[in-house]
Amino acid sequence: MGEKESIKGTDQMTNKQKILVTGGAGFIGSNFVLDWLATEGTPVINLDKLTYAGNMENLASLANDARHEFVRGDINDRALVEGLLHQHKPRAIVHFAAESHVDRSIHGPEDFIQTNINGTFQLLEAARAYWTQLAEPEKSAFRFLHVSTDEVYGSLGPNDPPFSETTTYAPNSPYSASKAASDHLVRAYHHTYGLPTLTTNCSNNYGPYQFPEKLIPLIILNALNGKPLPVYGDGLNIRDWLYVGDHCEAIRVVLAKGRLGETYNIGGNNEKTNLEVINAVCAILDEFRPDSPVTPHASLITFVKDRPGHDQRYAIDACKIESELAWQPRESFETGIRKTVQWYLEHQDWVQNIVSGEYQKWLTTNYNTREKP
């Protein structure tokens, strides 16, 4: 059987191979869809509400790809989700759809409750109804993979061991609290109803297509335009950084080989302070863009008032996924950040199209009102 036949095959075989991805126009979701089609090659139904962070330009390369079907809709619309499951009969749901920015959750937590908690509940209910009526072997093969964050575990001290899958949840922001709630719902649906779930908790992602409210693309964008590079507090908050391509590979591995009902932490083995990250980006920009309005780019660093409840340190113990599923990140921070900066420099049209009036309004709301410490 040829490659084209193996990808499409009969309608029945195509249905068995399909997956449903929620939030597949966002940063990690769109990277996953592109990665999935490049590696697995089987059809994707992509459900995304297209809020400010969802961007169809991320998926422009799939415009004429019959394996990708985009549906604009809300995971809270259970009738829509049930209709998609009935029509396409996917073998798995990979659930990215979420509000994911801590600062936005501080300014307006309601959207996070609605999408992350209520939306996940509606999706679980639709998935449970669909899975219950499946016949074997499709029923045993079905998976519901929930993508979550390390922020549900709270904050670590300088000498604390990294987060493991057994770390007690202690979320400190409306965002992380809403994701913790969604994690608990997914766990409950497995233990109560037997729904074949998998959960992944990842560290800070970076890479192509990230909306420039997040640290790394914000720094790149501001530095290129000679604008201040805002640093919360003393800049010594620590995060583990995971290249988005590595994250996508890890999710594929968990979906294929993960034990049902289990959680897998996914990390990049790259603990960095925010200042270290910013200085690394600035050094690469000094090399690639020596003609920027202001150089060296690090001279633009501006310390601003810290955000409320700012977690001091995140770190991931990824031993479980490494030992059980033989996954490890391919990118070091040094290689990943260089690829990321280069991508943004080569895709300035994408950046300019996304930096709309609403984005500028957000920057004013979040940064311009902060006093220097």
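Reader: What sits over the ring of Tyr193?

Author: The charged end of Arg128, 3.9 Å from the ring centre. A charge sits over a ring here if NZ of Lys or CZ of Arg is within 6 Å of the ring centre and within 35 degrees of the ring normal. This is a predicted model, in which local features need pLDDT of at least 70 and side-chain atom pairs count only at pLDDT 80 or more, while totals for chains, interfaces and linings use all residues. Residues are numbered from 1 along each chain as its sequence is written, and side-chain values use heavy atoms, with hydrogens and water left out.

Reader: And what sits over the ring of Tyr314?

Author: The charged end of Arg239, 3.8 Å from the centre of that ring. Tyr314 also belongs to an aromatic cluster with Tyr153, Phe163 and Tyr169.

Reader: How many aromatic pairs does the structure hold?

Author: There are 16. Rings of Phe, Tyr and Trp (its six-membered ring) pair if their centres lie within 6.5 Å; planes under 30 degrees apart count as stacked, over 60 as edge-to-face and the rest as tilted. Trp343 and Tyr344 have ring centres 4.9 Å apart and planes at 80°, so they are an edge-to-face pair.

Reader: Is Tyr344 buried or exposed?

Author: Buried, because its relative accessible area is 3%. The cut-offs are under 20% relative accessible area for buried, over 50% for exposed, and partly exposed in between (1.4 Å probe, protein chains only). Trp343 has 11% relative accessibility, so Trp343 is buried too.

Reader: Which other ring does Tyr344 pair with?

Author: The ring of Trp350, again edge-to-face, at 6.1 Å centre to centre and with 70° between the planes. Both Tyr344 and Trp350 are buried.

Reader: New topic, helices. At what angle do helix 3 and helix 10 cross?

Author: At roughly 65°, with the axes coming within 9 Å. Helix 3 covers residues 27-39 and helix 10 covers residues 244-257. Helices (H or I, at least four residues) and strands (E, at least two) are DSSP runs, numbered from the N terminus. Axes are lines fitted to C-alpha atoms, for helices over the stretch in contact, and angles run from 0 to 180 degrees between N-to-C directions.

Reader: Which residues meet there?

Author: From helix 3, Phe27, Ile28, Asn31, Phe32, Asp35, Trp36 and Thr39. From helix 10, Val244, His247, Cys248, Glu249, Ile251, Arg252 and Leu255. Contact means heavy atoms within 4.5 Å.

Reader: What does Arg252 touch?

Author: Leaving aside neighbours within four places in sequence, Arg252 is in contact with Phe32, Asp35, Trp36, Thr39 and Glu40. Arg252 lies in helix 10 and counts as buried because its relative accessibility is 15%.

Reader: Why is helix 9 described as largely enclosed?

Author: Because nine of its 10 residues are buried. Among them are Ile216, Pro217, Leu218 and Ile219. Just after helix 9, Gly226 takes a positive phi of about 70°.

Reader: Which residues other than glycine have a positive phi?

Author: Tyr209 is one of them, with phi of about 70°, and Ala326 is another, with phi near 60°. Tyr209 lies in the loop between strand 7 (204-206) and helix 9 (215-224). Ala326 lies in the loop between helix 12 (319-325) and helix 13 (333-346).

Reader: Are those two buried or exposed?

Author: Tyr209 is buried, with a relative accessible area of 17%. Ala326 has 67% relative accessibility, so Ala326 counts as exposed.

Reader: Prolines next. Where is Pro137, and what is the peptide bond from Glu136 like?

Author: Pro137 is in the loop between helix 6 (110-132) and helix 7 (138-141). The bond from Glu136 to Pro137 is cis, with omega near 5°. The bond from Thr295 to Pro296 is also cis, with omega near -10°. Pro296 is in the loop between helix 11 (274-288) and strand 12 (301-304).

Reader: What is Ala298 in contact with?

Author: Asn279 and Cys282, leaving aside neighbours within four places in sequence. Ala298 and Cys282 are 16 residues apart in sequence and 5.5 Å apart in space, C-alpha to C-alpha. Ala298 is found in the loop between helix 11 and strand 12, and is partly exposed, with a relative accessible area of 29%.
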